[in-house]
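Open the model in your viewer and keep the selection tool at hand. This tour goes from pockets to cores.

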Amino acid sequence: MKKSLIAKALLCSVFIATPALAQDPIELKMTVPSVPTDLHTKALHVFAEEIEKEMPGTFDVQIYDSGSLFGQGADLDALQRGNAEMTYVSYQLIADALPQYGLLTAGYLFQSPEHYRAFLASDIGTEFKQTVSDEMDIKLLDACYLGTRQLNLRDEMDIQTPDDLAGVKLRMPSSDAWLFLGQALGANPTPLPFGEVYLGLQTGTIDAQDNPLPTVEAAKFYEVTDQITLTSHLVDAINFSVSNIFWDELDDAQKEAVTKAAKAACDWNNAERVKVEQDLVAFFEGEGLVVTTPDVDAFRAHVQEAYMNSPRAADWPEGWIEQINQLAE
């Protein structure tokens, strides 16, 4: 009896002295097509740092940039299959799967990075996120600013309203959605591959092109153009997204940590992108370009009317355009 009690006591002491086995970190593979120097890639490192602060040692964050894990277009499929946990998903890609949300890609709908976030936080934004979750098996955590498209003209012109773009050969990407936007702006949309835009501007094959200012700088379009007109006709964003397979395995504290880290990443990205765009105005002026601001309200009304009167608006949720416009006020 005495030996039995001693044995039990020793066994208890072993369990008390042995620390509980630590749980393996939760694998979180992030796959993006962007290169290491891109702000969206750098934002992933901000996410990794923030989630480590929130829950040290809980997540094993693995960042795969430059399409090294899954290429562009395959990253969404990877999330849906559970082969990766996180990526950026564009509104255009969502609209491909859910055509009723094509309105979210329309010109002049969103006016700022804050406007995207106000939409996602609204009642219709909540409905949108739930539908995306139900139909696409991903959860949208936040909207990260991508850039604002502006007009870049070969020759100096007085551009105040869409009427002033009549006859202007405006290069657009060669898809129906892009060409429609060019027409809605009042121009003569001209499809041309991106790699041919510089020469097209130089020779007069096209009169203008549209892109965010960082693209104008990177592609050196300012060398063959005289003017930038800040129409701000498309404020674009991409969604910080996670796989539902991954999300559903997290507890509430872990979900909160992931959400907070995603917001911190988008905060950083948005501030950096806005600063780059602001700095580039002075750069272009220093290069001799004229930078003008037209009657943006006139452009917005013209473009939105063109969309609303087109067949593409037939499937859009009723009243959403008006509600999203109000969120910017």
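A pocket here is an open set of grid points with protein on both sides within 12 Å along at least five of seven lines, and its lining residues have an atom within 4 Å of a point. Keep in mind that this is a predicted model.

**Stop one: the largest pocket.** Select Ser-90, Gln-92, Leu-146, Asp-236 and Ile-238. Of the 50 lining residues, these lie nearest the centre of the largest pocket. The space inside comes to about 1400 Å³. Which classes make up the lining of the largest pocket? Count 26 nonpolar, 14 polar and 10 charged residues.

**Stop two: the second largest pocket.** Its volume is about 260 Å³. Now select Tyr-145, Thr-148, Gln-150, Ser-232 and Glu-277. They are the closest to the centre of this pocket, out of 14 lining residues. Colour strand 4, strand 8 (227–243) and helix 11 (252–286): each gives two or more residues to the lining. Helix 11 supplies the largest share, 4 residues. By class, the lining holds 7 nonpolar, 6 polar and 1 charged.

**Stop three: the largest nonpolar core.** This core has 51 residues. Pick out Ile-94, Leu-104, Phe-119 and Phe-128, which have the most contacts inside it. Then show strand 4 (residues 138–153), which gives the most to this core, with 6 residues.

Zoom in on Leu-104. What does Leu-104 contact, leaving aside neighbours within four places in sequence? The partners are Tyr-91, Leu-109, Phe-110, Phe-119, Phe-128 and Ile-324.

Terms used: Residues are numbered from 1 along each chain as its sequence is written. This is a predicted model: local features need pLDDT of at least 70, side-chain atom pairs count only at pLDDT 80 or more; totals for chains, interfaces and linings use all residues. Side-chain values use heavy atoms; hydrogens and water are left out. A nonpolar core is a set of buried Ala, Val, Leu, Ile, Met, Phe, Trp, Tyr and Cys residues joined through side-chain atoms within 4.5 Å. Buried means under 20% relative accessible area, exposed over 50%, partly exposed in between (1.4 Å probe, protein chains only). Contact means heavy atoms within 4.5 Å. On a 1 Å grid over the protein atoms alone, a cavity is a set of points where a 1.4 Å probe fits but cannot get out, and a pocket is an open set with protein on both sides within 12 Å along at least five of seven lines; lining residues have an atom within 4 Å of a point. Grid points are joined across faces, edges and corners, and a volume is the space filled by probe spheres set on the points. Ala, Val, Leu, Ile, Met, Phe, Trp, Tyr, Cys and Pro count as nonpolar, Asp, Glu, Lys and Arg as charged, and the others, Gly among them, as polar.
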